Amino acid sequence: MPDEFPADSYLKFQKKMPGATYVIQPSIKMCFDDGKLAVGKRVFDAGCGRGFHTKRFLEWAKEYLPKTPNVHLEVQSIVDLKIPSDIEKFDVVTSIFVLHFINKREDLRKAIHNLSCLLKSGGTLIACFPNFEAGFEWPRDEALKFGIGMSFDESAGFKDGLAAKINIYQGNEIKVSMGAYLWLRSTYQEFLEEAGFEKINFLSPIVSEEGKNEFGAEFFHNLLNPPKDIFVKAVKK
Ligand SMILES: C[S@@+](CC[C@H](N)C(=O)[O-])C[C@H]1O[C@@H](n2cnc3c(N)ncnc32)[C@H](O)[C@@H]1O
């Protein structure tokens, strides 16, 4: 896990950002079969950061269970993950906005392989990352509206692993800028298949009813058409 990730600024930003609360969280919940996939399950959240989304998995499980499940935290990179040979494998592995911080194709391959190794046969992987296929359309007014945007060196062309900057705004200013790498969906598909996944589905995010009530559906239109982020849900063979 890279030391330089601005985890505290990111958490502060997530708490205020309508996209995180009203789009990303309900979309993760959708991938968790409306939360039911968290119930009584072993879940590994790879690259959990400050746990903004991980906490929700526990809440969904608690809706059905009387007590808080056990939580264990470990600091490792998913690229060079050390997995004890006697580990009890997981029912669900999530990786929310992590894979696009990997800058080499071979490392992405290794990371997806490692996530697969953590899962039981029949277990589910849920990941999300920026949707490269959405293209270069990240207008500044949308970035200011959502507090986050992406910039590229477009002269480099539309190529796999394109370097990008994810910019977090405060007012009109960029507060934090993080380097990221945009991998094509076909690359994810290839590495997922190679790592032993089937039923690989790329899913568009959704907006929650709360989000529509608070901001109106139109507010989120450009974020979802085409979707700026994409989810993948896949089952380990
Ligand atoms: C945008 S944050 C997302 C955090 C959390 N998943 C969330 O959605 O709130 C990206 C996270 O990925 C982590 N990360 C980046 N590269 C990683 C790697 N190779 N192995 C493990 N974690 C990594 C960073 O440390 C950071 O916590």
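These legends go with several close-up views of the structure above.

**Before you start.** This is a predicted model, where local features need pLDDT of at least 70, side-chain atom pairs count only at pLDDT 80 or more, and totals for chains, interfaces and linings use all residues. Residues are numbered from 1 along each chain as its sequence is written.

View 1. Helices (H or I, at least four residues) and strands (E, at least two) are DSSP runs, numbered from the N terminus. Two strands pair if DSSP finds at least two bridges between them. Here the strand order is 1-2-3-8-7, with mixed pairing. Strand 1 and strand 7 stand at the edges with a single partner strand each, so one side of each has no neighbour in the sheet. From one strand to the next, the twist averages 15°; for angles like this, axes are lines fitted to C-alpha atoms (for helices, over the stretch in contact), and angles run from 0 to 180 degrees between N-to-C directions. Look for strand 1 beside strand 2: they pair in the parallel sense over three bridges, and Asp45 has Thr94 as its bridge partner in strand 2.

**View 2. Two helices meet the sheet.** Contact between two residues is when their C-beta atoms, placed from the backbone, lie within 7 Å. Helix 2 (residues 18-31) packs on the sheet and touches strand 2, strand 3, strand 7 and strand 8. The direction of helix 2 makes about 20° with that of strand 8. Helix 4 lies across strand 1, strand 2, strand 3, strand 7 and strand 8, and runs at about 150° to strand 2.

**View 3. Helix 4 up close.** Helix 4 covers residues 105-118, and its 14 residues reach 20 Å from first C-alpha to last, close to the 20 Å expected at 1.5 Å a residue. (The expected span is 1.5 Å times one less than the number of residues.) A residue is buried if 20 or more other C-beta atoms lie within 10 Å of its own, exposed if 12 or fewer, and partly exposed in between, with C-beta atoms placed from the backbone. Which residues of helix 4 are buried? They are Leu108, Ala111, Ile112, Asn114, Leu115, Ser116 and Leu118. Their cover includes helix 6 (185-194) and strand 3 (119-130).

**View 4. Inside the largest nonpolar core.** A nonpolar core is a set of buried Ala, Val, Leu, Ile, Met, Phe, Trp, Tyr and Cys residues joined through C-beta atoms within 7 Å. The largest one has 56 residues, and Val93, Leu115, Leu125 and Ile126 have the most contacts inside it. Leaving out residues up to four places away in sequence, Val93 touches Phe44, Ala46, Leu115, Leu118, Leu119, Gly123 and Leu125. In soluble globular proteins, nonpolar side chains tend to be buried together.

View 5. Strand 5 (residues 162-170) pairs with strand 4 (residues 148-152) in the antiparallel sense over five bridges. Strand 5 also runs antiparallel to strand 6 (residues 173-182), joined by nine bridges. Strand 5 and strand 6 form a hairpin with two residues between them, and Gly171 in the turn has a positive phi of about 60°.

View 6. The peptide bond from Asn225 to Pro226 is cis, with omega near -10°; Pro226 lies in the loop between helix 8 (221-224) and strand 8. Phe97, in the loop between strand 2 and helix 4, has a positive phi near 55° though it isn't a glycine. Phe97 counts as buried because it has 20 C-beta neighbours inside 10 Å.
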